[in-house]
Each structure stands twice: as structure tokens, then as C-alpha cells.
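Let's walk through how to read a few features of a protein model. Have the picture open while we talk.

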Amino acid sequence: MTMPLMKPRRKNPVLRTRQMNLPPWARGRTALGMTAAAAEGRFELQVCQRCQAVQYPPRDACHRCLSPQLKWTTQTGAGELLSETVLHHSNDPFYRERLPWRLGLVRLDVGPTVIVHLHGDVPSPSPHSGMPQNALPAAGKPAGTPASANRQPVRVHVGARLDRAGAAVLIGFPPEESEHMADDKMLREMTSDPKFRKILVTDGKTEVGQALVKALVKSGADIVWVGHAEPWKKLGGLEDISALKPVTMVPLDLTNGRSVTELAGEIGGKVDIVINNAEVHRAFGIAARRGTDVAKAEMDINYFGFLRLAQEFGPALKGRSADGVTHAAAWVNLLSIYALSNYPPHGTFSASKAAAHSLAQCLRAEMRPTGIRVINVFPGPIDDEWNQNLPPPKVTPGALASAIVRALKEGIEDVYPGDVAQEWIERWRDNPKVLERELAAGG
Ligand SMILES: [Zn+2]
């Protein structure tokens, strides 16, 4: 069983902060298919469309029949651990700083044998467990002795995760979940678990912000700083969250550069995860309103606010990405599924989220070399005051908050919470032009 992670002691401020050395990240174009699936939380392998062979490692042609018709297909990950190795030495700087490190060889039930990072709760296989029974050395022991009873196969569940360099790696988990599983040392290196981390949520006045704060506190966050643009206003729900022990309300107005700079000066060096959920959302297209005031207000928070925040909080976050078990880990952007294709009744809002999405891709590229994960969240319509006139299904603030916490815990990069977002992303992947036409006609 994984021992629960203890709250780390305060760091000695005189000690130098360790710099990040990323694990090896180079992958060929074909292998990036596995990374693309892992970025959305799925384990996919290529399946040959001609002979149905499942293959690993990824290649351009089927290893059995040479057909180039290979389709990335979601896998269950069920398999058997054949052997394990514990690294006590490595020439790679990333692993050298994190030894010992457990690796395993797993034969998937669908065929291929893969190398995995092994979770601490997976038991070691006995020396011959991977071999078929008739291949065991005839040691002269009758069947049913304790020695042969030990040769039970060790079942594992293989999952794909993104490592600190953002590349897909495979992890061998025990088939059953256990209580402190997420505290495994290797897994903490792959994920951005909120436990014991210090988190900034940029807007606490919305229902989504408040649901997020509650979910983060429940997940064991050490401190949650909650931004509040207008501290003099008494808004519903704020008292509830400010009463939670880890929560500290802080003044933060993303439209005001000085406000962002001041807060970064105060807490920037301590924040491990930034969650930017501040947004302005009005339901207008182009013809429904004269002038640009509303569109500017949307841009000022949704795009420029994000830019101001990234410029002020980004550098300190990057500098602390290898700083112990609670190292700086992630940056979360609340975008919208409308960022992918404009929804005309919410036209200017869609445009501001498309701009923010583009900037988020830039931030991700800039954060990548330091191992900070940028998570983009693309919800469908949220069940809030700006979507009152939209018919269901809508994402509840609570469901959205759970999806964000899950993405942090499982190291997912792109999240599409809710039925509408799931459906739109499928249609967008299928044919963006067709989706544009359908949305122009009302969805
Ligand atoms: Zn084939």
C-alpha cells in the first residue's frame, strides 16, 4: 500500500532551488498519436484495419501484414506483469535525481508487450510468473506446493499519462484502486495533484469559482488564494468559501495591470498551480448590439487579463517546477468549446475565447521546457446566468470543477466537460466546415 504523503516541511530559504531537467522527450510524428490521446486521458494503440493486430511501439505499417491502414484505438490496458527492474543508476539527469525508479515489462491481453513505469502498489512478480506453465523448470516439486502457489500471474492495469516533458508514457497500476494511490512518488512526478499544493483561483465570485475552491480544498490543497475583483461588494457564496480554512481571499482585478503585478509580488513565488477562471460572458453577436464596449470588456478579461496574469505569474512558476514533492505544476485556463468554432448568438464571447485559446497554445509551448503543464478546459454551455436562455444539457459548476480537479490529478491537458462539449469536439474533428454551417443555422 502506498503510504500517505506527509505535508513537506517548510523549505530552507537559503538552499538553492533545484532546476528542472526534463525526461527524454523526443518522439517521432507517428508516436505523437499516443501523446495526443494521453493528453485527453486515453490510452490508445494502433490497430491494423486489415488483420486487426494491435501494435506497439507505434509504426507506419502493420508489423504483421505491412498494411498502412492503422487506426488509433482506445485500449482497456489489462495485462500481466512479466518482470520488474528497479533502477538505482541512470545517466539521464531527470531519473538520476529521482532514483530509485521502478520499471516493469507488461504483456497486454491484446498482444503487445510494453515497458511501463510501475506503481508502488503493484506486487513484484515471482521469477517465472511470466512463463507458460510447461516452460517452468521441472524442479521435481509436486503441484500445489507453496512455490507453485507463488507463481500467480500479477495482473496490472496499464494507463497512458503525460510525463513532465509532455510526452506519453505508460504506467502500470494495480487493477484495484487504493486509498493513497495518488501519493505514489512516481505518480506525483507525472501529475499535478492539488494535495498540499498552493493554488490561485482568479475569480471567486462566480458559481464555477466557488465550486472549484470547494473541490480543491476537498482534494487537500494547502492554500487556496481566491481572487476577488471588487472586495467591497458582498456577493452570495463568498462567505461560505472564505470560511474554509485553507482559503485566503485576495484582491485581484485582471483588467488592471497594477492589481495583477501587486498580487504576483506578494504570492507569485509561492503559487504551485494557477487556475484562471475569470471571464466575462455576454450573449451578443455583431448585429444585436451597436458599438464595441461589450466586446472590449470580454477581451479585456478573457484575453488581455490572461496575458497580464501569464506575464506576472509565469516566470516564478517556471522557476519552481522541480522544487520537491509540491513543486510548481500546472496552469489551468477556463476556455469554452466556442473557442473552436464561433457560436453566432454568443459571437463576441466566442471570438474572445478563440483568442485566449491561441494564447494558451503559446503559453503551453513556453512552459513546456520547464515541465509546467498547461491545461485547457473547453466546457459546453455552463449552467449560469449568461446561458439562461439555452436549453439543456448544460454543465453544472460542480461537474466542471470536478473535471478540472480530475485533469490535475490525472495529468490531462485538454478537457471537454459536458455532453455539448463532447459532441462538438467530435463534430469538429469530423469536419470543422460542416460544424460551422450547422452552428450558423442554430446548432
Ligand atoms: Zn495487419
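**Reading one residue, then the chain**

A: F306 is buried, at a relative accessible area of 2%; buried means under 20%, exposed over 50%, and partly exposed in between (1.4 Å probe, protein chains only). This is a predicted model, where local features need pLDDT of at least 70, side-chain atom pairs count only at pLDDT 80 or more, and totals for chains, interfaces and linings use all residues. Residues are numbered from 1 along each chain as its sequence is written, and side-chain values use heavy atoms, leaving out hydrogens and water.

Q: Which helix is the place of F306?

A: Helices are DSSP runs of H or I, at least four residues, and strands are runs of E, at least two, numbered from the N terminus. F306 sits in helix α9, residues 304-319.

Q: Which residues does F306 touch?

A: A contact means heavy atoms within 4.5 Å. Not counting residues up to four places away in sequence, F306 touches N276, I301, W331, N333, A356, L359, A360 and L363.

Q: How much of the protein chain is buried?

A: Buried residues make up 50% of its 443 residues.

Q: Where does pLDDT stay under 50?

A: pLDDT is the predictor's confidence in each residue, from 0 to 100. It stays under 50 over residues 129-148, for which the model has 13 contacts beyond four places in sequence. For the protein chain, the mean pLDDT is 89, and 94% of residues reach 70 or more.
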